[in-house]
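Please open the model in your viewer and keep the selection panel at hand.

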Amino acid sequence: MEIILAIITGVLYASGIYMILRRSMVKLILGIILLGNGVNLLIFLLGRITKGEPPIIDSTEKVLQGVYADPIPQALILTAIVISFGLQAFAIILVKRTYKVLKTDDLDQLNTTDEDS
Amino acid sequence: MTNDIIILPLVIHLFFSIVLMFFWRQVNIQKIVSVVGNFVALVLAIWIFIGVYSQGILVVESGNWPAPFGIVFVGDMLAVTLVLLTAIAGFAVSIFSTISVIKARLRFGYFSVFHFLLLGLNGAFLTGDVFNLYVWFEIIIISSFVLISIGGEKNQLEGAVKYFALNFFASMIFLTALGVLYGLVGTLNMADIALKIKDVDNTTLVEISAVLFLVGFGIKSAIFPLYFWLPASYHTPPSAVSAIFAGLLTKVGVYALIRIFTLIYGGDAFLSTLLLALAIMTIFSGGVGAIIQNNIKKVFMYFIICHIGFMIGGLALYTEIALAGVIFYLIHDIVIKTNLFLISGVIYRIKSTTNMKKLGGLYANYPKLSLLMAIPLFSLVGIPPLSGFWPKISLILASFNAQEYWFFAALIFGSLITLIVIAKLWSEVFWKNQPKIKFPKKFIYFDQLRMGQKLTFIFPIAFLTFVTLYIGFGAEHIQQVSQRIATELMNNDSYINAVFKR
Amino acid sequence: MRTLILKSASSYLLPVLLLFSVFILLRGHYLPGGGFVGGLVAAIAFVLDAFSNGLDKTKVVLKVHPGFLMPLGLLIAFLSGITPILFSDLPLMTGLWADDPIPVIGALGSALFFDLGVYLVVIGASLTIIFTISESA
């Protein structure tokens with residue numbers, strides 16, 4: 001299981017960075033989404049995978065007993081998902097506005113900021 | 001209640017940004033509320049600074065969860081000093097925004113987002129938890145995305161796309177570093193990480209996480225190979241926005257580097273060498289970039305990069321004198337860079353351009369204003385006894401003591417190039433005769449404004465110049481504070497003990 | 001895209017989905033659920049209504065501008081966060097709980113109000129985004 005997740009994480013990172021390096025703005029957004037998912041999976045993986053042992057205290061006990069899954073990575077991932085939800089929504093609107101104003105999808109055309117004014 | 005005072009800056013900014021949201025379209029009310037809010041925040045920041053100065057490190061455990069489990073807010077001297085500087089810069093910029101930012105932009109909740117940005121900055125300075133630091137960074141960058149793209153002009157949107165892509169990428173690298181670190185030590189509290197990271201056997205992975213942190217924060221603080229987004233984006237929004245970005249956004253990256261590389265990875269030899277090399281290259285490339293630019297705003301942007309190198313290099317030396325110099329430079333730099341962009345805003349309002357080739361004759365027409373502007377410009381160079389001079393002494397001394405002659409040379413080079421560029425700027429903008437160019441008709445020039453409006457333009461600059469003068473002439477006090485912060489940073493026991501209430 | 005099936009179904013689906021979102025919101029403290037997911041479900045309910053009946057009618061159903069829900073939700077969450085400082089001298093965001101559980105809702109505490117704030121902010125933010133995109137398209 002770990003090895004599969006590790007490979008998927010690597011693939012997500014690689015494809016995310018590849019997409020960010022493309023010239024199209026739509027691919028930039030796709031790359032951002034893929035990279036975000038890769039990071040989330042990495043955190044999940046680094047929190048060690050424990051199967052079938054949810055961190056829930058039994059009603060007869062006071063503290064957790066034995067082996068249990070670490071709840072923190074899941075909380076971190078949830079937070080990261082919410083944040084990237086907001087950022088991706090912003091990115092889509094930003095790219096849409098930019099496309100409307102500049103009439104191009106090519107990042108190489110975005111060079112008026114370098115001009116001397 | 002005494003400990004709770006350190007979270008007041010967060011509470012106050014959140015409160016005011018919510019209040020401002022209720023007055024969504026009423027721009028005039030927003031202006032008043034925002035200035036009042038920033039004034040309250042300034043008073044509170046001074047109070048908190050005095051409180052921490054006299055009582056030592058204050059810690060708040062949010063949600064009443066004991067230290068390594070819950071999120072802690074730690075008000076040590078470094079954090080509260082930066083909170084105070086944020087409040088000073090925020091107060092000045094909020095006044096400047098009321099007059100310089102056009103109504104169309106203010107109607108889209110400019111002030112509300114501005115308070116969110118300050119909330120994020122204060123949170124990043126005060127938090128004692130690495131993941132919480134990430135969350136505050138996200139609040140900062142989301143607010144800055146809105147501020148940089150608000151208005152939606154052509155070059156603004158282009159700058160925003162570049163700024164967005166690189167900053168998002170930096171956040172993802174930061175999150176990766178955080179994941180690796182959590183996998184190694186199993187905790188997110190910075191003090192707890194500092195204790196546990198010594199017991200980790202796999203030093204390779206520790207170094208990897210450190211380099212990932214360096215890349216993540218390096219993009220945000222614009223160090224050498226990672227700074228290209230900054231000259232492409234910082235000059236596009238209105239001057240008030242550029243000012244708060246220049247003063248605080250890159251500095252929060254520097255703050256995070258200082259915090260992480262003193263508390264968690266203190267004095268690692270490999271990292272020090274890497275940081276030092278990057279610092280020298282940053283000073284060099286920033287300085288060379290500043291020389292060839294003709295736009296005032298772009299010159300100042302390359303100065304940001306150049307002077308980030310000073311701080312990173314001082315951090316790499318990792319001695320008490322060097323760190324005191326870094327902190328002093330940070331204090332000086334936040335005030336001065338904010339002020340420079342406000343000045344460029346006023347110059348734009350006077351002449352409708354910021355290109356040095358088209359500017360001139362400012363001294364002949366506005367002698368008093370020019371003298372006011374001269375003080376921050378020459379403080380930036382570091383002419384004694386103005387504020388830039390003192391931290392450079394500490395840094396040069398530290399680099400000489402540590403026998404890092406390359407960094408020593410880079411510091412001299414950086415200072416010299418700053419001097420040359422400022423001299424060029426002074427003669428081009430202030431002394432040269434106004435070249436004959438066509439001025440656009442549809443533009444509200446500075447001269448056409450009412451007296452009150454002119455004063456609103458000038459007051460923030462005068463306020464920040466006064467602070468700069470205080471930093472220069474009251475250098476003894478600032479040096480004392482910096483020295484104390486440097487001592488706290490070098491022996492992180494006081495921080496750890498305060499967090500764990502030992 | 002105005003099909004008869006979707007139109008007749010959505011008039012029944014809107015109240016059911018909104019009820020479901022409140023259920024998820026209340027369920028959130030011990031079981032999977034909570035303000036964020038509940039808010040998204042409620043937002044989806046309105047989006048579905050906008051698909052079938054048109055944006056203008058949905059805005060009439062919603063009564064308030066979705067942008068207004070954001071500060072309202074933030075205010076509720078903010079108040080629930082600072083209540084412990086103001087009234088019981090505890091640090092920020094400490095959970096305060098009522099002694100006896102209330103029927104239907106269960107244990108009542110400041111965490112529920114925080115979640116309610118999140119719920120409103122999520123509805124407001126996602127509806128503002130979606131309405132803006134669909135209006136400008």
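This is a predicted model: local features need pLDDT of at least 70, side-chain atom pairs count only at pLDDT 80 or more; totals for chains, interfaces and linings use all residues.

**Stop 1: chain C**

Select chain C and colour it by secondary structure. Five helices and zero strands are present in chain C, and the order along the sequence is α-α-α-α-α. Along the principal axes, the C-alpha atoms of chain C fill a box of roughly 55 × 30 × 20 Å. Of the 137 residues in chain C, 36% are buried. Among contacts in chain C with a separation of 6 or more, 66% involve residues 24 or more positions apart.

Next, select Val37(C), which lies in helix H2 (residues 35-53) of chain C.

**Stop 2: two helices of chain A**

Select residues 2-20 of chain A, which form helix H1, and residues 25-46, which form helix H2. The axes of these helices are 7 Å apart and pack at an angle of about 155°. Angles over 145 degrees count as roughly antiparallel, so H1(A) is roughly antiparallel to H2(A). The crossing of H1(A) and H2(A) is left-handed. Show the side chains at the contact, including Leu5(A), Leu12(A) and Ile20(A) of H1(A), and Leu28(A), Leu35(A) and Leu42(A) of H2(A). In this contact of H1(A) with H2(A), 16 residues are nonpolar, six are polar and two are charged.

**Stop 3: where chain B touches chain A**

Display chains A and B together. In this pair, 30 residues of chain A are in contact with 32 residues of chain B. On the chain B side, helix H6 (130-149), helix H7 (154-185) and helix H10 (229-233) each supply at least two residues. Which helix gives the most to this side of chain B? H7(B) does, with 19 residues. The side of chain B that touches chain A comprises 16 nonpolar, twelve polar and four charged residues.

**Stop 4: a helix crossing in chain B**

Select helix H14 (residues 320-351) and helix H20 (residues 475-490) of chain B, whose axes come within 8 Å and cross at roughly 125°. H14(B) and H20(B) are therefore oblique to each other, and their crossing is right-handed. Residues that meet here include Leu323(B), Ile327(B) and Ile331(B) from H14(B), and Ile478(B), Ile485(B) and Leu489(B) from H20(B). The contact of H14(B) with H20(B) has ten nonpolar, four polar and one charged residues.

**Stop 5: the largest nonpolar core**

In soluble globular proteins, nonpolar side chains tend to be buried together. The largest nonpolar core of this model has 256 residues. Highlight Val74(B), Val83(B), Ile88(B), Ile312(B), Leu315(B) and Ile327(B), the residues with the most contacts inside this core. H7(B) gives the most to the core, with 21 residues. Finally, centre the view on Leu315(B). Leaving aside neighbours within four places in sequence, Leu315(B) is in contact with Leu257(B), Ile258(B), Phe261(B), Leu275(B) and Val326(B).

Conventions
Residues are numbered from 1 along each chain as its sequence is written. Chains are lettered from A and ligands numbered from 1 in the order in which they are written. Two residues are in contact if their C-beta atoms, placed from the backbone, lie within 7 Å. Helices (H or I, at least four residues) and strands (E, at least two) are DSSP runs, numbered from the N terminus. Ala, Val, Leu, Ile, Met, Phe, Trp, Tyr, Cys and Pro count as nonpolar, Asp, Glu, Lys and Arg as charged, and the others, Gly among them, as polar. Axes are lines fitted to C-alpha atoms, for helices over the stretch in contact, and angles run from 0 to 180 degrees between N-to-C directions. Angles under 35 degrees count as roughly parallel, over 145 as roughly antiparallel, 65 to 115 as roughly perpendicular and the rest as oblique. A crossing is left-handed if the near helix is turned anticlockwise from the far one by less than a right angle, and right-handed if clockwise. A residue is buried if 20 or more other C-beta atoms lie within 10 Å of its own, exposed if 12 or fewer, and partly exposed in between; C-beta atoms are placed from the backbone. A nonpolar core is a set of buried Ala, Val, Leu, Ile, Met, Phe, Trp, Tyr and Cys residues joined through C-beta atoms within 7 Å.
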